[in-house]
Amino acid sequence: MERQRRGLRVAATVTMAAVAATFGLVALTPPAPAAAATTEPEAADYASDVYGDAWDYTNSTDFNTDFSETPATVGGGALKVRLAPGNRLFLVHSISGSLAAGRDGARQPVDTAKYSRLTFSMDQPLSKHIGAVYWFTCREQTVACGGGFTFPIVQGPHVYDFDLNAQSNLLAKVPWRSAKMVVFRLDPVVLADGSGDTGTQASIDWLRLHAAPDATHPHAGMPAGTYNGYTVTPRPQVVVDSPNQTQGQDYATATTGRPWNFTSVAATSKVTYSNTLQQARDDRGFTARNTGPHQNDPQVHLPVSNVAGNTYHYLQFDMKYDGPFNLSGSAGGGKLARVIWNVSGNGTPQISNDILTYSSGNASEVSVDLAAGNPLDEDALTPKLGWAGRTISSLRFDPNEDPGQAVWHLKSVHLRAAPAATGSTNVTFHDNAWVQGTAADLSVKTGSGGWQRIATGVAVAKGVNSVPFVLGSRPVGAYSVQVTLRHPDGSSASSTSDAPIVMRAGAAPAPAPAPATSHNPRGTLDSATAGSAGVTVSGWAYDPDTREPISVALYDNTSGSKSLGRVSTSVARPDVVRAHPDAPAASGYTRTVVLAKGTHKLCTYGINVGAGTTNPALGCRSVTVR
């Protein structure tokens with residue numbers, strides 16, 4: 001079935017004339033240095049508290065460049081944006097008509113009562129211009145649900161500090177503290193209509209959406225660091241690594257013994273396709289382009305049978321596409337995915353809302369809970385039965401609704417249950433702003449019950465920490481997990497797991513002895529895939545003794561051991577960093593080697609740096625060259 005794609009609703013454009021008509025300045029009040037050397041804890045900050053990742057622009061996840069309407073880049077501690085008409089920076093974004101996933105403002109709205117100030121450091125070359133701040137209480141970003149203000153910009157480097165409660169004179173003048181905000185936007189410079197590209201760029205070093213100053217935090221706008229006369233000590237940035245949505249039982253693995261991994265023909269042998277033309281199958285997965293008869297409706301039909309929707313409801317997929325992010329209805333647009341399913345006993349397809357997919361620089365594995373709220377498109381057919389509580393009899397994944405000949409690369413699709421354990425499990429977490437002396441408190445709760453403390457005052461080490469959760473006399477059920485970190489300066493922050501852990505009755509296994517700290521390289525060999533150019537080997541590796549790339553040795557161990565050379569780690573692997581916070585961002589490796597016909601056993605080895613004692617095997621794979 002082809003579904004006619006409707007355009008997503010996006011933010012209304014406010015012209016320079018409209019800005020001028022509502023021109024209102026908010027006084028700049030950059031923090032003044034203290035009279036004497038003092039120390040204070042960092043104030044609460046939205047990005048640090050909600051994402052566990054401050055907007056300091058040291059990594060690509062600090063800003064989705066698809067949410068800038070002029071070219072923007074992130075790196076080296078700066079967000080740089082070209083100064084041209086429409087240079088809008090969506091710091092918190094949400095788009096109506098899409099399922100809220102990842103850092104979507106509808107999923108993680110801004111608590112305006114807690115975060116009432118905006119402070120940022122910007123260096124830009126223009127003068128005699130104004131900037132603007134906008135916010136919206138609705139995903140449609142209509143005038144009626146919007147507010148904001150304009151401000152004069154300062155040429156050169158400058159710290160801007162605004163009280164968001166002070167005034168709102170743009171759009172419908174919705175006050176900041178009127179409701180939680182799902183969209184928050186900064187226009188670093190509002191250029192006159194038709195003024196054209198200036199050929200210059202602004203650079204934002206850091207940005208904080210934070211709590212108001214008080215006696216404990218007189219310089220609440222400033223990030224951790226030492227300034228003229230005072231020092232701000234870092235606030236915890238908590239990330240709960242486990243339990244999480246990617247750890248539950250995978251439906252395909254449970255029913256067939258292997259997941260839907262599209263790098264493998266065998267693993268996806270029962271998957272069928274419509275409106276697609278296959279181009280390749282390699283370490284990127286299944287590469288295809290949209291084709292007729294319904295070119296904007298490519299379909300991947302996943303083999304399922306009587307799936308319990310209340311059990312398997314976390315959908316994850318890893319997909320990339322060629323070209324930029326675009327949601328228009330013309331060729332090159334429609335950069336979104338969708339799932340369509342049938343409910344047992346009913347013939348009406350259930351059509352999910354749009355799932356946004358981003359360009360290669362912003363792409364990551366997408367995870368959506370189909371049982372959370374209403375996942376259906378507003379224009380879906382009736383009866384609208386949804387997912388939760390249903391038995392799913394068919395499942396289809398539509399990867400890219402581009403009406404042009406889009407090329408996309410589908411690597412994997414998972415349909416998972418919530419993570420589960422019998423008797424006990426380990427909660428893992430890390431602090432992105434770790435300091436010596438940090439302590440952790442861990443709590444759990446099930447259903448509508450209150451939080452129950454399971455650990456107090458746990459000493460926190462740099463990197464991933466693990467604390468056991470033993471069910472004991474507690475009732476079986478799904479438990480949310482909360483980790484609270486306390487720094488020595490008195491600051492604290494909490495984070496809750498993005499999925500509950502289903503605890504079943506049973507004896508807890510005896511705890512394994514803690515492994516000795518290893519200085520040897522770590523990593524895996526993910527895949528070895530034969531193609532027209534040779535066999536492509538891919539995986540990840542890093543050495544805990546260095547942040548620099550390391551060498552990975554390749555061997556053909558079919559008969560004896562034959563060296564195939566070395567490759568350096570250089571491929572960005574955000575999934576590895578999430579699981580191993582001490583790994584560098586570019587910890588991935590890939591290399592294509594030419595081999596003779598026949599079956600080969602390929603192995604990779606991490607080359608030790610520093611204090612380690614060996615070059616450990618990362619893995620071996622068998623591959624057949626035809």
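Which residues do ring pairs link into a cluster? Ring pairs join Phe120, Trp135, Phe149, Phe151, Tyr160, Phe162, Trp176 and Phe184 into a cluster. Rings of Phe, Tyr and Trp (its six-membered ring) pair if their centres lie within 6.5 Å; planes under 30 degrees apart count as stacked, over 60 as edge-to-face and the rest as tilted.

The model is predicted: local features need pLDDT of at least 70, side-chain atom pairs count only at pLDDT 80 or more, and totals for chains, interfaces and linings use all residues. Residues are numbered from 1 along each chain as its sequence is written, and side-chain values use heavy atoms, with hydrogens and water left out.

## Aromatic rings and cores

The structure contains 26 aromatic pairs. One of them is the tilted pair of Phe317 and Phe397, with 4.7 Å centre to centre and 50° between the planes. This pair connects distant parts of the chain, since Phe317 belongs to strand E20 (residues 312-321) and Phe397 to strand E25 (residues 391-398), 80 residues apart. Helices (H or I, at least four residues) and strands (E, at least two) are DSSP runs, numbered from the N terminus. Phe317 and Phe397 are buried, a term that means under 20% relative accessible area, with exposed over 50% and partly exposed in between (1.4 Å probe, protein chains only). Trp540 and Tyr542 form a stacked pair, 6.2 Å centre to centre with 20° between the planes, and both residues are buried.

Charged groups also meet rings. A charge sits over a ring if NZ of Lys or CZ of Arg is within 6 Å of the ring centre and within 35 degrees of the ring normal. The charged end of Arg103 sits over the ring of Tyr51, 4.1 Å from its centre, and Lys335 lies over the face of Tyr321 at 5.2 Å from the ring centre.

In soluble globular proteins, nonpolar side chains tend to be buried together. A nonpolar core is a set of buried Ala, Val, Leu, Ile, Met, Phe, Trp, Tyr and Cys residues joined through side-chain atoms within 4.5 Å. The largest core has 40 residues, and those with the most contacts inside it are Trp260, Phe262, Leu302, Phe317, Phe397 and Val413. A second, separate core of 39 residues includes Ala47, Phe63, Phe149 and Ile204. Contact means heavy atoms within 4.5 Å. Apart from neighbours within four places in sequence, Phe317 is in contact with Ala337, Ile355, Thr357, Glu365, Val366, Phe397, Ser412 and Val413.

## Disulfides

A disulfide is a pair of cysteine sulfur atoms within 2.5 Å, and the count by this rule is 2. The table lists them.

| Disulfide | S to S distance |
|---|---|
| Cys138 and Cys145 | 2.0 Å |
| Cys603 and Cys620 | 2.1 Å |

The torsion about the S-S bond of Cys138 and Cys145 is about -60°, so this disulfide is left-handed. Cys138 and Cys145 are buried. The link of Cys603 and Cys620 is right-handed, with 110° about the S-S bond. Cys603 lies in strand E40 (residues 598-606) and Cys620 in strand E41 (residues 617-625), so the pair ties together parts that are 17 residues apart in sequence. Cys603 is buried, at a relative accessible area of 2%, whereas Cys620 is partly exposed at 37% relative accessibility. The loop between E40 and E41 holds Pro616. Pro616 and Tyr605 are 11 residues apart in sequence and 5.5 Å apart in space, C-alpha to C-alpha.

## Backbone features

Most residues other than glycine have a negative phi, and most peptide bonds are trans. A cis peptide bond joins Ser242 and Pro243, with omega about 5°; Pro243 is in the loop between strand E13 (238-242) and helix H3 (251-256). Another cis bond, also with omega about 5°, joins Thr382 and Pro383.

Gln141, a residue other than glycine, has a positive phi near 55°. Gln141 is placed in the loop between strand E6 (130-136) and strand E7 (146-152), and is buried with a relative accessible area of 1%. Gln141 is among the residues that His93 touches. Lys173 likewise has a positive phi, about 60°, but is partly exposed at 48% relative accessibility.
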